[in-house]
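Dear colleague,

Please find the structure below. I would be grateful if you kept it open while reading the notes.

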Amino acid sequence: MAVATSTDAVAALTAKNLRKQFPGVTANQDVSLTLRAGTIHAVVGENGAGKSTLMKLLYGIHRPDAGEIRVNGERTSFASPKDALAAGLGMVHQHFMLADNLSVLENVILGAEPRKAGSLDVPSAVRGIEAICADLGVRLDPHAPVGDLSVADRQRVEIVKVLYRGARILILDEPTAVLVPQEVDRLFANLTRLTDRGLSILFISHKLDEVLSIADDVTVIRRGVTVADSLPAGKVTARELAELMIGTELAASDPARSRDRSAARTSLRLENVSLGPVPGRQALHEVTLELREGEIVGIAGVEGNGQTELIECASGLRRPDSGRLTLFDRDITSMDTRRRRSAGVAVVAEDRHRQALLLDAPLWENRMLGWQTHSPNSEKGWLRRKSARRDTERLLRDYDVRAHTPDVVVSALSGGNQQKLIIGRELSHGPKVLLAAHPTRGVDIAAQQGIWQHIERAVSRGMSVLLISADLDELLTRSDRLLVMLRGRLVAEVDPREIDAARLGMAMAGAEVAAP
Amino acid sequence: MKLIPHLRGAAIGLLSSVAALVFAAAAAWLILAATGASPLEAARAMVLNGFSDASAAIILNSAAAYYLSAVAVAFTFRLNLFNIGTEGQYRIAALCAAAVGAGLSLPAPLGQVVIVTTAMIAGAVWAAIPALLKTLKGVNEVISTIALNFIAIGLISYLLAPGRLGSGSGSNMGTAPIADGLRDSGIDIAVQGAGLHWSSLLAVAAGIGFYVLIERTVFGFDLRAAGRSVDAARTGGVPLGRTIVIAMVLSGATAGLIGMPALLGDSGSFTLSFPSGLGFIGIAVALFGGNRAAGMAVGALLFSFLDNSSNVLQLMDISNEVVRIMEGLIILAVVITNRLTSRWRTNQARPDRLKDMSAAPAAPAPVNAGGDA
Amino acid sequence: MTISTITAQDGPRTQTGPGQGNRRQAMLTILCGIALAVALVPHATDLVSADTITTALVLTCPVALAALGGVWAERAGVVNIGLEGMMILGTWGAGFGALQWGPAFGLVFGMACGALGSLVHAVVTVTFKVDHIVAGVAINILAPGVAKYLSSLTFAAMPGGGTTQSPPVPSLPVLPLPFGLGGLSTGIVLGLVVFPLSWWLLWRTPYGLRLRFCGENPVAATSLGMRVTALRHSAVISSGALAGLGGALLVLASSGLYRDGQTAGRGYMGLAATVFGNWTPSGAFAGSFLYGYMDALQLRGGGSAVRTVLVVAALACGILAVLVLLRRGGLRRLAPPALAAVLLTAITALTDSVPEQVAFVAPYMAVLVALVASGQRLRPPAALGKRHDIASS
């Protein structure tokens, strides 16, 4: 794996003091890294630490406000991904950029088509692809439609695609997030073959054990700043990396709550809930959990390990293939979303814009959404517009939503205010259970605190919360109990008062959690 | 501060509609001028004709049919469902109603109720086919309603043949006439000689019903929510399949009413020369009126006015097709300006959003405030 | 069109394109069944006579060209229900061009008029990003008005012409066919040639690949430097030119004059054939041929010929059902052909001359049946009808 380790050798890619600011948010404050030629370099950091922004800067999707990027020692400035491609950079996106209905060959050659007498030179393309596949050590049928391929094969198509364009530096965005362990091993073997041929790879991840097993160097980013620039992977442990990733701020945060609700009644119970695999979705395997009144149960897990599907099953958006759901011992397995809401299940959906709001509708209509069959929004099927408007005014006041009237279109509000509106709406009908997916994602700190005050108040009156969050800090400080989810299974229960973020992060990545 | 952006938004909306009309009028002007006709003279003749007693009633009657047709499609357009089957639905419905009416010997109000109800049921049944195909089999509604329009034509021509529902020959081939007692005698409005049909008032009822159902009921809220965002509606507990089927059935039932003024008021029977194309005009009217009850009313009157003034233009040796061109241009101009203003609105909202975020007093400014970029 | 995304089920992804595995086998079986049935049913040889086939081709071509136009636009991701309107513009253009400069120019001018109509569609949908169906509806309102207006300006003053129809136009030369098959208008031959040409352009050239990618994943295409807007414009304009050519053939190869309302919904039928044919040139042609063939039968043989077709179809379905049964296909696979066979037998048993409307309705019924039976197997371009904002990518 080690080709040229001499410090004098020209680095394949260097980034120096990159800075990128978006209105209101600084995504990258000061990020630097050096990718040595012929090596694999990992960039790790928590969700939201600025990894994706860094990649977009390197690949020409965004331009840095400050700092410099050098490719093979030469200073460059990419106006678009096309320039990056021309300079020999290739990116494998986490969300594949493929056309499912077209064949592997068509996906690979698009924009770099070999021609013969005006038409596509298919034999030459096939030869090219087969040569790359051989180099990479994978097998792909060039004529198979991409939609028929497994996720791992699609990822291979993406890799072949950038190699076909002559990329010498590969950027892989969370490539293992979508793979099962055996496939991760195969991917790593493929990547090693590439570095043996002198290619360089930048590998974005937050799974520490994987990073340590594949990378030569590691760069750690925390909150937009490089906290460790190009550490040799052999000289750090997973624990040290986790500490670097999460920092020491944890000590300063609120103490974990101590509420013992083991004697309280069970509200929502899932028994052996399973969900078959659907393309692009994680299956659930025999998930069993219960929420008690006045309790917050957190689900920790790397995104895409079944949390979304869990919420979908609990809220009635998807019917599980097997298993049973009960609410205060009443079977709700076959109830649709509306009836579950009426029974007291409120939902803070994961994707605010897509699932929780009617973006071009006014606030008062958005306040009704999900609860349109309930007072004060309606009575016996008739909307009560006046009382709904009035109640929206109350909600705007109580939940500190900064909007002037209920008639403002919701898309005109900031993300934080939109989220406060959603929280207010979901808490306004005396829910017994709140399914909260990322309730404070993309929301500023003040609004986060406001949102949690409201949730905690409802919890103190007996509401149960199923909390899903990518923010470990939030999970640790807010949950009474924490369950760890991995590949569609609940694999561990931990006590949030006794585990720190580093060990929780390791548990989420699938490492064994040692007793404290 | 809070009202100004609102007012400005409304003003822009109004302005865009006016701009669309002005654009279409200007285009028509150019076309007329190019052919050597006098646009001013033409406009004068059209307006004079529009306000003469006899044609006022004709314009109102056909506006009623246009409006019913627009309401029918709006039920599904508001759900973002492109049902273009109104044409087939209203013709099937009119045929069924005519056939039932011909055999009826009921007293006046009851008989009409039976005829109108038959039409609504027939329209609803024909519309339920694409709805069920969509919810059960995922068949695209655009294609299925187009196909069903043609199937309706075939079915009608089959049923109208002598020995089945019809009699007579040529373009007179049709159902037996409805008894005189059940015909629409017309409303004696103050103007003499006017023939405004009672059945045209169905349009008013349909408009009110549409408005109330869409804007004032939970079902209407569900329908609008699903039209705006399927995902948000589902998370909000909207039963999607049921909403689709009910919307289509309502659309079909309303479509059933389209032919009633013509059937009860004019022809008294369904013949091969029964007015056609009303379903397509409804789409244009609905698009013009933004699928709103009031906007569509304006659209129905405007289109009816334009269509009925084409005869006057012919008298002046101007091709009446200028009117059709104008209608097409109006639609295009309206949809483009709507699109542009909605884009303008989002752009307006965006800086607000950012300002709001940074101006929130409690939000700390440090590096990592937003967290998720 | 957003609703369609949630109700369209994720079907088994087995079929990859025209002619593959199971599908080819099924086609072969059906063809054998039909051949066998033709041999068995009396008078059935009329159904495949040269005369019927050439008539069918003449009637198929205009619809098929509209359908091909649909393939072009929709493969690039733009829904084009304005095909009917573009076709109407084509009929006027062909009539005017042919009278003015001769039939060959009529063909070209008809295509140009169709292309002009689609230019409007392209600008409205691709540049202004208006909903594709809304724009198409507007085109279909606008185009007949424009055509009628223009014809009142041009044909009305000509001897033998009027506001709703042109004087007879010079027709295209007829190409004699070998083997006593009679002759076929050169226009029709040209129309037929466009199909393999389109297939080659769309599936065998870099331009075609890029165009189809725009219909599948415009964001990915943009990220690789494709000019999505320009590609879509070119696709939609080609689409209109093809629909215009279809309209031109109605005038120049079939009726011999321009007449108001001549297209009679052929553009809509073409759109249905686009879907029926799974967005491929060959499929679009096959779907249109069904239409043209039934039309031809009705014209030549009337109700009894159509009845013969139904008898043949009943037999073919029966044979298919037996084959499925022999291969233990299961109820789900057995039910459709068996039901169809029973239904068709019942219809033909009840009458000795099928009502003329059956021939008219049959293609549309076929489209519906095909969509119900194979809706899940059809693969529309993934980004079809969706607005593409490069800014949001």
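The notes below cover model confidence and then salt bridges.

This is a predicted model, in which local features need pLDDT of at least 70, side-chain atom pairs count only at pLDDT 80 or more, and totals for chains, interfaces and linings use all residues. Residues are numbered from 1 along each chain as its sequence is written, chains are lettered from A and ligands numbered from 1 in the order in which they are written, and side-chain values use heavy atoms, with hydrogens and water left out.

Over residues 1-8 of chain A, however, pLDDT stays under 50.

Across all chains there are 46 salt bridges, each a side-chain nitrogen of Lys or Arg within 4 Å of a carboxyl oxygen of Asp or Glu. One of them pairs C:Arg210 with A:Glu113, with the closest N and O atoms 2.7 Å apart. C:Arg210 lies in helix α8 of chain C and A:Glu113 in a loop of chain A, so the pair joins two chains. Helices here are DSSP runs (H or I, at least four residues), numbered from the N terminus. A:Glu113 is buried at 8% relative accessible area, whereas C:Arg210 is partly exposed at 21%; buried means under 20%, exposed over 50%, and partly exposed in between (1.4 Å probe, protein chains only).

In chain B, a salt bridge joins B:Arg78 and B:Glu215 (3.3 Å, N to O). These two residues are 137 residues apart, and both are buried.

Yours sincerely

Methods
pLDDT is the predictor's confidence in each residue, from 0 to 100. Contact means heavy atoms within 4.5 Å.
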